[in-house]
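Hi,

Here is the structure I promised to send over. Have a look at it first, and my notes follow below.

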Amino acid sequence: MGFFTVLMILLAFLRLVSSIPPTASVDTPKLPVLQSLTPVETPDLPPFTSPSKQPSTSPVNNPVKIPELPVAISDMRSKSYFGFVILLNLLNATTKSALGQQVTFFMPNDQQLATSTISPGGLDDFVLTHTVPEPLIFSSLARAPNGTLIQSFTTNQFLRISNIGRRVFINNAHIVTRNVCSSDTIKCHGISAVINTSLNQTVS
């Protein structure tokens, strides 16, 4: 086959290729158009309000009846009158306590309290017979005339002050530790024995 013949075949092939129509482009499928959503109607709700603070709960009763008692108790502990502190805490936690704002405590030591018989129902009487309703420092007790009566918290019961030499007694109990409590409204003194209430002066 000659060169001319090959050339004619190539030209014919080119004409054939050029006569083929171009391939149609593939259309990208169109996504369906979403219709606008109709808002769902909801019932009217009350406007939101932040939760209010819960009311503070106050205790039914406040066991602290003497404002300066915690300070006085701290002074008692510093002189190791732990037993009397326990009795005061028990009494102060009851609603029937008759203690006032100004007092003087006469405190037996722990050894004396350990030998005493105090019934649960007699706690009030025990503490109140060792308490007078006014703050008395030791010098005031020492200057009192021999035989002076001072009223205890027990109704119609009076304690007797006896001055023997430089020693001061409350009924049968010798004051051995003076001015333990530093409070202005609470005074307390350590005594050598549990006060013998049979020696109390009764006034009708």
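Strand 4 (residues 157–164) and strand 5 (residues 167–170) run antiparallel and are joined by 4 bridges. I'm calling two strands paired if DSSP finds at least two bridges between them. Helices (H or I, at least four residues) and strands (E, at least two) are DSSP runs, numbered from the N terminus. Ile161 sits opposite Ile170 of strand 5. These two strands make a hairpin with 2 residues between them, and Gly165 in that turn has a positive phi of about 65°.

Before you read on: this is a predicted model, where local features need pLDDT of at least 70 and side-chain atom pairs count only at pLDDT 80 or more, while totals for chains, interfaces and linings use all residues. Residues are numbered from 1 along each chain as its sequence is written, and side-chain values use heavy atoms, with hydrogens and water left out.

Strand 5 also pairs with strand 6 (residues 173–177), antiparallel over 2 bridges. Here Ile170 has Ala173 of strand 6 as its bridge partner.

Now for Phe138, which lies in helix 6 (residues 138–143). Is Phe138 buried or exposed? Phe138 is buried, at a relative accessible area of 8% (buried is under 20%, exposed over 50%, partly exposed in between, with a 1.4 Å probe and protein chains only). Leaving out residues up to four places away in sequence, Phe138 touches Val168, Ile175, Arg178, Asn179 and His189, where contact means heavy atoms within 4.5 Å.

Cheers
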